[in-house]
Each structure stands twice: as structure tokens, then as C-alpha cells.
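Please look over the sequence and the structure shown below, and then follow the paragraphs that come after them. They lead from the contact between chains to single chains, elements and residues.

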Number of protein chains: 2
Amino acid sequence: MIKITLPDGSVREFEKGTSALGIAKSISEGLARKVLAANINGQVWDATRPINDDASLKLLTWDDNDGKNTFWHSSAHLMAEAVESMFPGVKFWVGPPVENGFYYDMDLGDKKMSEEDLAALEKKMNELARKNSEYLRKEMPKADAVKYFTDKGDEYKLDLLSNLNDGEITFYSQGNFTDLCRGPHIPNTSFIKAIKLTSIAGAYWKGDEKNKMLTRLYGVTFPSQKQLDEHLQMLEEAKKRDHRKLGKELGIYTMDDDVGQGLIMWMPNGTVIIEELEKLAKETEQAAGYKRVVTPHIAKESMYITSGHLPYYADSMYPPMEMEGEKYYLKSMNCPHHHKIYAAEPKSYRDLPYRIAEYGTVYRYEQSGELFGLMRVRCLHMNDAHIYCTKEQFNDEFRAVNDMYLKYFKIFGIEKYVMRLSLHSPDKLGIKYVNEPELWKETETMVRNVLTESNIPFVEVKDEAAFYGPKIDVQIYSAIGREFTLATNQVDFSQGRSFKLEYIGQDNKAETPLIIHRAPLGTHERFIGFLLEQYAGKFPLWLAPVQVKVLPISDKFLDYAKAVSDKLKKSDIRSEVDDRHEKIGKKIRDTELLKVPYMLVVGEKEMNENKVSVRIQGKGDAGVRSVDEFIADAVSQIKERKAE
Amino acid sequence: MIKITLPDGSVREFEKGTSALGIAKSISEGLARKVLAANINGQVWDATRPINDDASLKLLTWDDNDGKNTFWHSSAHLMAEAVESMFPGVKFWVGPPVENGFYYDMDLGDKKMSEEDLAALEKKMNELARKNSEYLRKEMPKADAVKYFTDKGDEYKLDLLSNLNDGEITFYSQGNFTDLCRGPHIPNTSFIKAIKLTSIAGAYWKGDEKNKMLTRLYGVTFPSQKQLDEHLQMLEEAKKRDHRKLGKELGIYTMDDDVGQGLIMWMPNGTVIIEELEKLAKETEQAAGYKRVVTPHIAKESMYITSGHLPYYADSMYPPMEMEGEKYYLKSMNCPHHHKIYAAEPKSYRDLPYRIAEYGTVYRYEQSGELFGLMRVRCLHMNDAHIYCTKEQFNDEFRAVNDMYLKYFKIFGIEKYVMRLSLHSPDKLGIKYVNEPELWKETETMVRNVLTESNIPFVEVKDEAAFYGPKIDVQIYSAIGREFTLATNQVDFSQGRSFKLEYIGQDNKAETPLIIHRAPLGTHERFIGFLLEQYAGKFPLWLAPVQVKVLPISDKFLDYAKAVSDKLKKSDIRSEVDDRHEKIGKKIRDTELLKVPYMLVVGEKEMNENKVSVRIQGKGDAGVRSVDEFIADAVSQIKERKAE
């Protein structure tokens with residue numbers, strides 16, 4: 001008998017060789033039908049694999065990321081089986097699960113796959129799925145594996161094998177398909193109820209453009225047709241909310257070949273949003289005791305050697321400018337400049353916490369292929385700040401920053417978020433991380449404690465810290481459920497010492513401050529991209545580039561319309577008049593398309609009574625009101641930053 | 001007889017060979033005593049030089065720049081005479097008049113001049129001046145001149161001679177001193193009544209660091225002791241108001257070797273001022289129909305070839321960054337990016353004037369030796385904007401910009417200013433200026449007309465235009481009378497075509513807009529430097545980094561002080577509490593030094609009555625007031641941007 005510890009801590013005994021699926025069945029048949037894989041002692045296993053020793057066990061279903069990934073990886077194998085049946089002689093490279101589904105890279109020889117083949121492939125996959133084929137795991141001696149793929153003439157799998165050791169090689173088979181694969185897989189193909197092949201793309205072998213171009217086939221599958229339908233609907237909605245499409249339609253941003261890839265130029269409408277975000281940040285930070293600074297966008301090489309950016313972060317920086325025998329770099333982060341401001345005047349413990357914020361612009365090198373709309377850019381604007389504090393002040397300061405994040409989430413209607421505590425990896429000390437094992441432990445514990453004490457839900461991830469200390473990465477989800485990496489909150493025990501930053505403590509001794517790096521709204525680029533999707537371009541009043549459009553029914557009322565608009569402007573409401581010679585119906589339709597929150601229609605009656613007919617974007621007529629009444633209402637909505 | 005036309009247009013006849021001084025004497029002896037030189041047919045002459053032909057004449061006195069420069073140049077010769085008498089064997093290079101006085105560069109051989117020698121030299125100069133020596137002009141054949149200086153062994157003057165042609169060589173002598181000199185000079189040394197030698201510096205021969213270091217001796221002289229006293233007092237005041245000194249004392253800005261020369265970092269107090277200036281600009285521009293944009297700080301080489309910056313302005317740019325086979329440049333102006341924003345959406349005549357403003361940061365290369373505090377820097381922040389308009393709209397738009405300048409001058413108490421209309425130079429078309437002779441004429445006339453129609457006083461200067469069109473340079477004078485070059489207002493007929501910018505006219509044809517480049521506050525760097533001098537660091541309330549300091553008489557009233565300060569902050573008043581354990585006298589003295597406009601002293605009485613004892617910076621006690629009363633008053637002062 002073996003002892004199995006379940007997630008609730010209870011321990012049950014089973015026959016040696018029982019599988020996770022067997023254990024699930026012993027609990028309930030219904031549960032067993034949902035089990036896709038299992039976490040055994042921290043490793044993900046096939047649910048059907050025999051367990052021979054005492055173990056902790058967590059059954060994995062669709063609701064677990066590891067369950068979902070196993071499902072999608074098995075779907076990639078099913079897709080490969082279908083491809084092999086229709087394209088005999090195809091050779092496969094790798095087929096991993098990805099964010100929304102899976103892909104498989106393949107060499108089709110002299111054959112071509114086109115969009116037209118996808119329906120037939122889907123049909124074949126459905127056929128194969130209905131065969132209930134089991135995914136069978138088989139351990140293989142390396143020699144046998146090499147022989148198998150040599151006989152098959154498959155140079156791709158032989159390449160993979162060359163990096164594997166004897167004893168760690170497994171084959172997986174289902175139906176007529178066999179693959180070199182580490183697994184795990186779902187019990188059988190019948191779990192896969194709904195299938196959609198989404199696209200075909202080219203991908204260089206091993207991502208190297210010097211290598212052969214392989215065919216990459218993308219798909220997504222679900223345990224039910226309903227889930228697939230919902231997913232496709234979400235994609236449809238995401239397409240409508242595509243920040244690149246809305247960004248152009250609403251005059252938010254533009255790019256230009258002569259300026260350079262990944263360099264966003266903010267058009268007047270986008271700049272309104274940037275300035276409103278910055279105003280919010282400024283107000284919030286002023287109330288929280290921050291001061292503001294302005295620093296240049298370049299600095300000399302010596303600064304980035306001191307900061308550690310050049311040894312640890314050089315790949316993400318623009319190349320230097322050489323002048324008067326010196327190398328100048330565009331800043332990729334604001335911190336070193338802020339450290340210099342800290343150092344410019346002597347500090348005592350009475351000056352701490354010293355919090356300085358900047359509307360900072362940094363430049364980072366991203367490969368051309370990685371650039372994507374506002375999401376991946378090379379010039380990043382952000383509301384950045386650094387807090388210099390004592391160890392005793394750290395908990396309060398770090399918690400206050402987290403609270404600031406939550407306050408912002410509320411304002412922007414962000415209901416779902418996850419904080420990821422990114423830790424260092426001890427084997428990369430001195431390579432990717434500053435070589436200070438004790439300080440890493442200490443600060444990671446401090447951050448973990450703050451999160452625990454604040455009851456903030458978080459997950460821990462190894463090997464994703466900044467080079468100077470642990471950090472919290474914040475993932476948020478848009479209204480249609482898409483995930484965005486937003487912002488970070490970082491601890492830094494290293495740069496304070498590198499820059500010889502000091503404060504004189506109460507005991508008159510010089511101490512090094514701890515530094516918190518934070519940018520709760522992330523970069524303006526990514527955040528506005530998120531907001532375009534979140535609001536589908538229908539910004540709440542306080543953020544809307546044009547808040548009110550006054551529509552005269554005919555030219556006769558143009559002067560009154562202008563008078564109304566001027567009055568609105570005097571109350572700091574962003575207002576425009578539609579002075580075109582168009583019918584009122586067209587004016588309304590066009591203004592709807594521009595997603596302006598309020599339309600004020602004015603004609604004879606409105607003019608005589610000093611009133612306006614209010615229309616709300618997407619909702620239509622909201623009655624006649626006096627101009628003053630409308631203004632008072634709008635001003636209060638704007639001031640409160642109401643969601644709608 | 002010759003006919004002499006006077007500035008008032010009247011014509012008088014004189015004997016041939018009469019000098020300007022003779023003519024002056026014929027008008028009045030008093031006038032003659034003031035004549036330093038004369039403008040004869042547009043050229044500056046010695047007042048004593050015989051006039052042999054009909055001519056137009058303007059007598060030059062201390063009130064004319066040319067008169068003053070002649071006075072100082074003659075003073076340089078007087079100084080040289082004194083130096084030669086005390087340092088026999090000295091060789092002289094050049095001795096021009098400068099902004100406030102004159103200098104002479106000299107090679108003292110193996111001798112050294114020190115600050116201690118200055119008093120003796122001044123004494124000697126006074127002695128020589130009292131001798132009433134005449135400045136005598138003598139035309140010299142080149143061969144004789146070369147022989148003279150060869151015999152003297154003076155390689156410096158021989159070097160000067162090598163660039164002069166026979167027939168244009170003159171010597172000037174006074175007392176025992178003779179110099180190769182183009183002149184002109186004042187009649188005699190007795191005009192020089194007050195003398196101050198100000199400093200000794202080193203200067204490479206011909207400004208080239210590979211050459212020998214010469215000694216540069218600076219001095220300043222005046223026609224009366226009173227004027228010298230006033231000048232020295234102004235210098236003393238300027239020293240107190242030195243923006244570098246105040247900038248450090250008040251925590252306005254800092255620089256750092258690791259960041260780089262000429263790269264200002266704005267400390268929290270300086271950033272408050274930047275943000276207040278930007279807020280003023282934003283409000284003013286919003287009311288004037290500008291929109292705002294945000295653009296990156298770099299662009300590709302192709303953009304700057306199109307804009308003409310690389311051919312015409314390359315020396316002022318930072319060197320490129322080379323990446324992915326492309327060259328990227330830091331922007332030295334915002335215009336090309338703004339043109340790209342203009343071009344991003346199609347425009348019709350209805351969209352013009354299109355006015356876009358940016359809080360822009362540009363980078364310009366200035367030689368290390370030219371850098372000076374906030375006055376000459378390499379990173380420049382500015383409230384920049386570009387106006388795209390039709391020819392018909394030009395006058396109104398250009399005038400509106402000039403009016404905006406005048407509005408700002410009023411706010412900042414700038415009472416004296418001069419506008420300089422900078423024109424192109426026809427012989428530099430295609431080299432320094434875009435080669436479009438007709439467009440130069442046309443736009444120069446347009447600008448001149450606007451200035452004339454607006455009754456704005458201006459002077460015209462040749463060969464100082466931007467490479468793309470004429471401009472107005474604005475010179476302002478600080479409270480202590482020092483001159484600052486502030487801002488420019490430029491016309492651009494060239495870049496619109498280079499960037500293929502268009503709008504569809506009423507006749508449905510594509511037209512190129514005219515562009516106005518403007519930055520009325522100049523750069524934040526220079527303007528804040530000016531303001532530090534203008535206000536001697538005592539900023540008016542709306543600009544003051546800390547507006548109010550609350551001073552509790554003892555710790556017992558600390559809580560009340562904090563409550564008062566919090567209340568002020570809620571009304572957006574920048575307030576701090578002096579919570580140190582110091583006597584109230586010391587708190588007041590320290591706060592005075594920081595030039596905080598208001599101090600609120602609080603003790604028992606104030607706390608019990610919810611009041612504050614108000615002290616005004618530099619003025620002392622202003623009575624007891626209720627907190628609300630004080631707030632209402634301060635808020636209204638801030639809102640109105642009152643000068644004091």
C-alpha cells in the first residue's frame with residue numbers, strides 16, 4: 001500500500017501502482033471524468049501513470065493551468081496525427097501549449113498547407129478524437145529512440161534527442177501517431193470535444209532566420225462546444241476592441257517609418273488621456289507625500305556601470321552615442337538619475353522616506369519581430385517613482401504602494417488581477433542577479449510578509465526578479481478576460497550601495513537606504529492599449545479626449561452651439577461644435593462613431609430656453625436640461641472620475 | 001564745401017576736411033564733449049577723422065552701442081599702454097570690446113601677471129588717461145607695417161598682417177603705445193574717467209587648445225565714476241542673484257559628472273517651477289485653441305535628412321546611435337515629429353490653423369567650454385508648438401503669438417524687451433539657408449508687416465535667420481538690467497514642402513501650409529535661470545516651490561501646525577511644517593533664507609482661536625488671521641498669478 005496526501009492534508013492509502021485517475025474514481029466518477037492530469041510531489045504527471053510510492057497528489061482539471069496546458073499539448077498531438085494522415089511524410093519539430101491553445105511546427109517537405117486545408121484537418125481531428133484513443137507513455141532507451149527516428153529519417157527529432165540523456169526519454173502514442181515527448185498527456189482523446197484550427201504561419205527552425213522556414217499550425221480546443229463558442233466570441237470582441245484599430249479610428253496614436261519602429265507618437269486625443277493619467281498620478285502621489293523631479297534621457301557609461309545596467313541589462317539598451325571621448329546611453333530606466341538626485345543633498349533619517357516621482361520616458365531595445373502596437377514598444381512613458389526608506393519604514397511604504405495599485409484598479413474598473421512575487425534563482429547569482437545571497441533571502445521574506453499581512457492574493461515565480469532585488473509583477477484582466485502584464489513593484493537592496501547613497505541615522509551613523517521602484521500604471525503605452533480594450537474605446541467622461549459635442553440642428557443655431565461650447569470649456573469640459581453642413585441625424589451617427597460621451601443637440605426650443613437636449617453615447621436621448629445643470633453634473637462626474 | 005546730411009534729414013555745408021567733432025562743436029560745445037565716434041555713411045569712424053566728401057552723419061555717444069564699443073576699444077589700447085610700461089617686451093594679440101567692457105590677449109613671455117598687479121595697472125591707466133593723449137590714426141603701406149613688427153619681433157601682429165591687404169592697414173597711437181588697428185577710436189584718453197580691471201584669465205591663441213596659452217586681461221571703463229559705481233553695484237547684485245548660487249541654495253537643480261556636462265537634473269523645488277510654467281502654458285494655449293501631443297526623443301536619419309537638420313544643423317546634434325543598420329538621432333528640435341503628426345491624418349482647410357504644442361525635450365551639442373549653468377546646456381526642456389496655417393491666416397496667427405509673448409512678459413514683470421527680426425543673408429543661400437530667394441523675400445516682408453502693424457518695436461539683423469525661414473528673437477532684460485536672449489518666433493516656408501504636408505483648399509486643390517515655430521518662454525533651463533535673477537530667488541507665491549511654512553512656537557503646537565498645513569494642502573497650497581526642536585527665532589531666520597513667501601507662526605493663542613500669525617517673506621509680521629481667511633487670500637493670489 002502507498003500513502004497519498006491530498007491537498008486538504010488528509011492521507012489515504014491505496015494499492016501500489018494505483019493511478020491518479022484510479023484515485024479520482026475512488027472519490028467520484030464525476031470527478032474522474034474531469035481529471036486531465038495530476039500533480040505528484042510537485043511534478044505534473046499523466047493521470048493514468050501508476051504511482052508506486054507515497055506521494056502528495058493534486059488532481060488537475062481544466063480550471064488548473066497545468067491541466068489546461070496538458071489538454072492543449074495532447075490536442076497538439078491529435079492535430080499532428082491528423083496532419084500525418086493527410087500529409088504523409090511530414091516531419092514534426094515541437095508542439096507546445098501556448099496562451100490560448102497550442103501549435104505544432106512542422107516540415108511539410110515540398111507540400112504546402114493552406115487555409116483551405118483547415119476545415120478538412122478539423123474534421124479529421126474530430127473523427128480521431130471520437131475514437132477514444134488512449135495516450136500511451138513508454139520509456140525508451142536512447143539507442144532505441146535514435147534507431148526509431150533514424151529509420152524514419154526524421155532529423156528534427158534526432159536533433160531533440162541529441163540533447164537528452166538515456167533514462168529520461170519517453171515516447172507517447174495515440175491512435176496511429178507516435179512522438180518523442182516528455183509528456184504528460186490527458187487519459188484519452190475523447191476529452192477533446194471542440195476543435196478550432198486558428199491559423200497557419202511560418203517559423204524559422206529554432207527561431208533562427210538562417211535556418212529553414214517551418215510551417216506553424218495554430219489551434220485551440222475545449223472540453224465542450226459551449227466553451228469554444230464563448231472563446232471565439234471573446235476573440236471576435238477582442239478584434240473589435242483591438243487597440244491598434246481603435247487607436248487609429250479615435251486618433252490616439254500614430255507611428256512612422258522615418259521616426260522608427262516601436263516609437264509611438266501620441267496624437268492630440270491620446271495626449272489628453274496621457275495627461276489625465278498623469279494628473280491622476282500627480283494628485284495621488286502628492287497626497288501620499290511624493291515630490292516630483294525631471295531628469296535627462298541620457299547619461300554617461302560610468303553611470304550605467306555603477307548602476308549595474310551595463311553588465312546585467314545591456315541587451316535591452318540602445319547602443320551608445322560617442323562624443324568627446326565619452327559614451328552616452330539613452331536611459332532604459334529612471335532609477336540611476338533619481339539616485340543622483342537623492343545624492344545631490346545630504347540626507348538624515350528625518351528626510352526619509354524620500355519619495356520622488358517623474359513622468360519619465362525610457363528607451364529599451366526590443367527586437368523588431370517582438371514589437372506590437374502599444375503593447376511592445378521601444379519608447380516607454382511612465383509615471384515612475386522611487387522611494388528611499390529605512391528597513392523599519394519598508395513594510396509601511398511597500399504596503400502603501402500596493403494599496404495605491406488597488407486604488408487605481410478600482411478607478412479603472414479592473415476587477416480581476418493577480419500579483420506575482422518574482423524571486424531570484426540561486427544558480428544565476430552573479431550572472432543574472434546581483435551576487436548577494438543573504439540580502440536576496442532577507443528582502444524576499446520582507447516582500448512575502450507584506451503581501452501575506454495585507455491579504456493580497458499572490459503566486460510565487462522563480463527566476464523572474466529584477467537584477468537588483470525581488471519584485472511583484474501585477475497581471476490584470478480586461479473586461480473581456482484577456483490578461484495584461486501591467487506593472488511592477490520592486491525592492492532594491494543593491495543600487496543604494498552601488499551609488500553610495502546614505503542617510504545619517506538617529507545614532508549619527510551613515511546607513512544605506514532601501515529603495516522601492518514602482519510604476520503602478522505601468523507604461524502609458526501598454527496601459528492605454530489596455531484601456532482601449534477595457535472600454536472598447538468608450539472612455540469614461542473624465543478620460544474621454546472629447547467629452548461633449550454640441551450639435552446644432554441647423555446653421556441657424558451655430559452661434560448658440562458655440563456659446564454653449566465656450567461655456568463648457570470655461571468649466572474645463574473638453575467640448576467641440578459639429579459645425580458641418582450636415583443633417584442632425586448624420587451628425588449624431590458620426591459622433592457616436594467617435595465615442596464622444598455626451599452629445600448636446602440644440603435647436604429653436606433649446607436656444608430660446610437656454611437649454612440643451614442631452615444624448616448619452618450608446619444610450620440615446622436623456623432629456624432636455626439647462627446648460628448650467630448639465631455643466632454642474634458633468635463637472636462633478638469628471639471630478640469624481642466616475643466609471644461611466 | 002561738402003554737404004552733410006544729419007539724422008533728422010537736414011543738410012548742412014561744411015569745409016572739406018571738417019571732422020565729425022568739428023561739426024559737433026559747430027552745433028554745441030556740450031555735445032562735442034560727449035562725441036566718442038561718428039557713423040559716416042553707415043561706417044563707424046574716428047570723430048576726429050577728416051570728412052572729404054558729401055556724407056550722411058550720425059554722432060555717436062555713450063548711448064549708442066557703437067559709441068560705447070569705441071570707448072571700450074580705446075580703453076583696451078590704454079590698458080595695453082599701461083601693461084607695456086609695467087611689463088616691457090609684452091606682445092599683444094587682439095583687444096576687442098565685449099558685452100560689459102573689453103579685454104586684451106597678450107603674451108607676457110616668461111613673466112606672470114597676478115591679481116595683485118591690477119591695482120597698479122589701474123593706477124597707471126588713470127595716470128595715462130589724465131595726459132589727454134590723442135588717438136592718432138595713420139595709414140600704413142603693408143611693407144612698412146611688416147617691417148615695423150618684424151623689427152619689433154612681434155609674431156602676433158605679423159600673423160594679423162598676413163591676412164590684410166595693402167591699402168587697408170592702419171596704425172593707431174596714443175601716448176607711447178602704437179598698435180596695428182582698424183579703429184575707430186575716441187578723440188583722446190581724457191574721456192576715460194573711471195577704470196576697473198576686472199579679471200585675468202587664460203585663453204589659447206586663436207581659441208585653439210593646441211596653441212600657446214595667452215593671458216587675457218579684462219576691464220571695464222566709463223565716462224564717469226558714478227557710472228562705474230552703478231555698474232559695480234549691478235555686478236554685486238548679479239552675484240547675489242547668480243542663478244548657479246541660488247539654484248543650489250534653493251534646491252532648484254543639480255548636475256553630475258556621471259550624467260554628463262550640460263545635462264540638468266531638476267530637483268523637487270525646480271520641478272515645481274517647471275510644472276507651474278507648463279501649467280500656465282497649457283492654460284494659455286488651451287484658451288488659444290492649441291492641442292497637445294507627445295513624441296519620442298529620437299528619430300531615424302532619414303527624418304533629419306528630409307527636415308534639413310542634417311545638412312544645415314548637424315554640428316549642433318548629438319552623434320547617432322547605430323542599430324539594426326539604421327542611424328537614430330536624438331532630436332535637436334521638435335518640429336519634424338510634429339510634422340509627422342500633422343501628416344498622420346488628412347487635413348482640409350477646415351482643420352487649419354492646426355496648432356500643436358508639446359512639453360518637448362531636445363538635445364543639442366554645445367562645446368564643453370560654452371556650457372554655463374542653466375544658460376548654456378545640452379538638454380533643453382521647452383513649451384514648444386507649431387502652427388500650420390494658410391497664407392491668409394498667417395498675419396493673425398503670427399500676431400497672436402507675439403501677443404502671447406507680451407502677455408507672459410506682463411506676468412513675469414518683464415518691463416524691458418527688444419524684438420530682433422533675424423533675416424537671411426543672400427550670399428549664404430544653399431549653405432546656411434534654404435535656397436529659395438523669392439520665398440525669403442516674401443516671408444520676411446510678411447513678418448516685418450506684422451511687427452509694424454502691431455506697433456511692436458524691433459530691430460532688423462542680417463544673417464541670423466533659421467535655415468528654413470526668418471525669425472524673431474526676443475531679448476529681455478532682468479530687474480537688474482542684464483540682457484537675456486529668451487525665445488524665438490519663426491516662420492517656415494520650407495519644411496512643409498520637404499515633408500509633403502498638405503491640406504485640401506476650398507477649391508479642392510492640395511496646398512502646402514505655412515508653419516510657425518514658437519516657444520514664448522524659451523527653454524525652461526534659461527527661463528528659470530532668468531527668473532532666479534529676476535526675483536533674486538524670491539519667487540511670487542504662485543511659483544514658489546514651498547508657498548507656506550507653518551512654524552510651531554514649541555512642540556506643544558506641532559499637532560495644530562500639522563492640521564493647519566494639511567488644511568492648506570487640501571486647497572492645493574504647497575505647505576510644510578518646521579518640526580525641528582528649534583527656537584522660533586531660528587525657525588523664522590532659516591525660513592527667510594529659503595525665501596518661503598509666507599510663514600505662519602502658531603502658538604497657544606493661535607491654536608485656541610483657530611488662527612495663524614502671518615509673516616511675509618522679507619517684510620515681517622502681517623498680523624493674526626483666521627486659517628480660512630488666510631487660505632482664501634492665498635488661493636486667490638495663486639490663481640491670479642500675482643507678481644507679489
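**A walk through the predicted model**

Chain B and chain A bury about 5,000 Å² between them, 58% of it on carbon and sulfur atoms, where buried area is the accessible area (1.4 Å probe) that two parts lose on being put together, summed over both. This is a predicted model, in which local features need pLDDT of at least 70 and side-chain atom pairs count only at pLDDT 80 or more, while totals for chains, interfaces and linings use all residues. Residues are numbered from 1 along each chain as its sequence is written, chains are lettered from A and ligands numbered from 1 in the order in which they are written, and side-chain values use heavy atoms, with hydrogens and water left out.

The contact between the chains takes 58 residues from chain B and 58 residues from chain A, contact meaning heavy atoms within 4.5 Å. Between chain B and chain A the count is 14 salt bridges, a salt bridge being a side-chain nitrogen of Lys or Arg within 4 Å of a carboxyl oxygen of Asp or Glu. On the side of chain B that touches chain A, the residues divide into 29 nonpolar, 12 polar and 17 charged; here Ala, Val, Leu, Ile, Met, Phe, Trp, Tyr, Cys and Pro count as nonpolar, Asp, Glu, Lys and Arg as charged, and the others, Gly among them, as polar. Across this interface there are also 33 residue pairs in polar contact, both residues at pLDDT 80 or more. A polar contact is a pair of N or O atoms within 3.5 Å; within protein, one must be able to donate a hydrogen and the other to accept it, and residues adjacent in sequence count only if both atoms are side-chain atoms.

D579(B) and R350(A) meet through their side chains in a salt bridge of 3.1 Å, N to O. In another, D258(B) pairs with K340(A), the closest N and O atoms being 2.8 Å apart. D258(B) lies in the loop between β16 (253-254) and β17 (265-266) of chain B, whereas K340(A) lies in helix α12 of chain A, so the pair joins two chains. Helices (H or I, at least four residues) and strands (E, at least two) are DSSP runs, numbered from the N terminus. K340(A) is buried, with a relative accessible area of 12%, given that buried means under 20% relative accessible area, exposed over 50%, and partly exposed in between (1.4 Å probe, protein chains only).

Chain A can now be taken by itself. This chain has 20 helices and 35 strands, and its C-alpha trace spans about 85 × 75 × 60 Å along its principal axes. Of the 644 residues of chain A, 54% count as buried, and among its contacts between residues at least 6 apart in sequence, 68% join residues at least 24 apart.

What does a salt bridge within chain A tie together, as in the pair E358(A) and K331(A)? The closest N and O atoms of this salt bridge are 3.9 Å apart. E358(A) lies in strand β22 (residues 354-363) and K331(A) in the loop between β21 (326-330) and α12 (335-344), so the pair ties together parts that are 27 residues apart in sequence. E358(A) is buried, with a relative accessible area of 3%, and K331(A) is buried as well, at 0%.

In chain B, helix α1 (residues 20-27) has the buried residues A20(B), L21(B), I23(B) and A24(B). These residues are on the same side of α1(B) because they cover an arc of only 160 degrees around the axis, the arc being that of the directions from the helix axis to the C-beta atoms.

Strand β27 of chain B contains T488(B), which counts as partly exposed at 21% relative accessibility. T488(B) and R518(B) are 30 residues apart in sequence, yet 6.0 Å apart in space, C-alpha to C-alpha. Not counting residues up to four places away in sequence, T488(B) touches several residues, including Y405(B), K471(B) and R518(B), and a polar contact of 3.3 Å joins its side chain to that of Q490(B). S494(B) is found in the loop between β27 (483-492) and α15 (495-498). S494(B) is buried, with a relative accessible area of 10%, and, its neighbours within four places in sequence left aside, is in contact with V434(B) and Y468(B).
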